[in-house]
Amino acid sequence: MKKKKIKTLKGLGVSPGIAVGKVHLFDTGPISFPKYWIADREIGSEAARFKKAIEKVRHQLLKIRDKLCKFQVGDEIRILDSYQMIAKDEMLYSSTVNTIRQEKINAEWALDKTLAGVKAAFLESPSEFFKERRADVEHVGNLIFKNLLGEEEVTLRFKKNTILVVHDLSPADTAQIVKGTIQGFITEVGGKTSHTAIFAKALEIPAVVGVVEATRTVAEGNSLLLDGSEGIVIINPSTSDKKRYQEIKKKQGLMDTLLLKGAHLPAVTKDNFTLRLAANMELLEEIPTIKKYGAEGIGLYRTEVLYLRNKRLPSEEEHFESYKKVLQKIAPHPATIRTLDIGGDKILPDSEYMEGLNPALGFRAIRLCLREKELFRTQLRAMLRASIYGKLKILLPMISSVEEIRQVKKILADVREDLDRKGVRYDPDIRLGTMIEVPSAAMMADAIAGEVDFLSIGTNDLIQYSLAIDRVNEHVAYLYEPLHPAILRLLKQVVEAGREKKIEVSVCGEMAGEPLYLLILLGLGFTELSMNPLSIPRVKKILRQVTFKQGSDLVEKALACKTTSEVEHLVRREMAKVQEI
């Protein structure tokens, strides 16, 4: 009997866990369709067939969006909204119908010609943002093709013990995956912040992305083992491989239990330096988890889901009820609520901004709020009214100048006056802070610190904007380096600006929850780290094994380095002294 060949592939582990199952190759490639000429009398019916397919796609996307709202995956919802924009695009519709009429060809063929033109235009654009939209156009195009070909429902059904292997999954595809129906999945593209990674974590499905040519390397029915933490995929694992990973899985389970036992112990170093560990959140339903994992407050409450879950703007009462519950449930700890950070790929419902594309560095966040003042006042009024139910801190996103803060403070003063006139109570000592996430804000941190009560560094954006790389572009994702010497210098500059003005400086990006960076952040002098709540017990345990001096010594050496690799070598060598957990 021929022995099965064992092969190991490497990718990026984006959702932890170990899974064993049988390969199911899921084809998301180009769809085959017939091409034929039509008679004059068939033009009307062909155009009507295309119109019906478009309408069905819009309806399907709405259904998927509603389903995602139940899963509470904000980023996925935003992507679905961008799909809706494409499906509603007048040019897509009129160009296809005109091609049917002028060239007398069937709808599928005409659509293919339209999509080719749109994708070529995006490809020629110098903007990475527009180039990335090609994939969105392809996903929407495939949905329309399926409807034209009679595949009316987008459904994915799998056998148990399936490990899905696919080039890429669209949000529409991932939304069909029900927790428990597959053991794990592998994609050939994507990064840590890709929508497939976000969705895998939300469903707690082990996943490895960026496995080059995975669909060509594995075969349908192959036995597969994947490690979603280390990014390892083993094809036809041996019995000893399976035993080894079963042991690892067992240890991980015990480790999680152990970490949870220490989740409510103080976050204090061996030399008694206390660091507050808070949680990032999007939904009220996350608060029990946040408490379970030992967070000392909410360091970042993203309010966008209030807008994205509805097809209209939320009322002041809806804002108020949400903020009131957050503050009550997290008390006596503080809750930092970020004002609307929408725009870019996050679409404001029912507004003129639904039309046209809006890049990440375009009209969004505080820029939009300062233009749409009534929308901003509504949110601020609700925040102030809710402030009497706990400890509220207001956080402003994407501030790039002192002028913007002063405009916000003027609007806030107007809101206070209005509430005073009406006799509405609010906490007079609400602290106002800004996100430091664009280079200009980091460089002006000393001036900005003089205008606000606290600073919170959004490391995800600050790193990508400072290093001029797009994290979701697989070709440059490797340049996303939190330990880049330039980033360390920027972080130090912001911390020192806060220290000089005697205000708190925190980190609320992914860097905060990554154990490798803990000593550096500790040594830089941050007073609060806000992260995914699941990371808190592990970060606390490491913190209890180190000293503040260890961190400050490491920072001094790291700041003298000229390259990222030198810094990383230093950091890994120091972290290796910390007991493995």
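The dialogue below goes through a predicted model, from the whole chain to single residues.

Student: What should I know about the model before reading it?
Tutor: The model is predicted, so local features need pLDDT of at least 70 and side-chain atom pairs count only at pLDDT 80 or more, while totals for chains, interfaces and linings use all residues. Residues are numbered from 1 along each chain as its sequence is written, and side-chain values use heavy atoms, with hydrogens and water left out.

Student: How many helices and strands are in the chain?
Tutor: Helices (H or I, at least four residues) and strands (E, at least two) are DSSP runs, numbered from the N terminus. The chain has 23 helices and 16 strands.

Student: What percentage of the residues is buried?
Tutor: Buried means under 20% relative accessible area, exposed over 50%, and partly exposed in between, with a 1.4 Å probe and protein chains only. Of the 581 residues in the chain, 54% are buried.

Student: How do I read contacts in the chain?
Tutor: A contact means heavy atoms within 4.5 Å. Among contacts in the chain with a separation of 6 or more, 70% are between residues 24 or more positions apart.

Student: At what angle do helix 12 and helix 14 cross?
Tutor: Axes are lines fitted to C-alpha atoms, for helices over the stretch in contact, and angles run from 0 to 180 degrees between N-to-C directions. The axes of helix 12 (residues 316-330) and helix 14 (residues 373-386) cross at roughly 40° and come within 8 Å. Angles under 35 degrees count as roughly parallel, over 145 as roughly antiparallel, 65 to 115 as roughly perpendicular, and the rest as oblique. Helix 12 and helix 14 are therefore oblique to each other.

Student: Which residues of helix 12 and helix 14 meet?
Tutor: From helix 12, Glu316, Glu317, His319, Phe320, Tyr323, Lys324 and Leu327 meet Thr378, Gln379, Arg381, Ala382, Met383, Arg385 and Ala386 of helix 14. For classes, Ala, Val, Leu, Ile, Met, Phe, Trp, Tyr, Cys and Pro count as nonpolar, Asp, Glu, Lys and Arg as charged, and the others, Gly among them, as polar. The contact of helix 12 with helix 14 has 6 nonpolar, 3 polar and 5 charged residues.

Student: How is helix 14 placed against helix 15?
Tutor: Their axes come within 10 Å and cross at roughly 60°, helix 15 being residues 402-422. Helix 14 and helix 15 are therefore oblique to each other. The contact of helix 14 with helix 15 holds 8 nonpolar, no polar and 7 charged residues.

Student: Is Arg381 buried or exposed?
Tutor: Arg381, found in helix 14, is buried, with a relative accessible area of 14%. Not counting residues up to four places away in sequence, Arg381 touches Glu316, Glu374, Val415, Asp418 and Leu419. The C-alpha atoms of Arg381 and Tyr426 are 9.5 Å apart, and these residues are 45 residues apart along the chain.

Student: What does Val555 contact?
Tutor: Val555 lies in helix 22 (residues 548-559) and is buried, with a relative accessible area of 7%. Leaving aside neighbours within four places in sequence, Val555 is in contact with Ile520, Gly523 and Leu524.

Student: Which residues of helix 21 are buried?
Tutor: Helix 21 (residues 536-543) is mostly covered, with 6 of its 8 residues buried. They are Ile536, Pro537, Val539, Lys540, Ile542 and Leu543. The cover over these residues includes helix 9 (239-261), strand 9 (276-281), helix 20 (518-524), strand 16 (528-531) and helix 23 (564-575).
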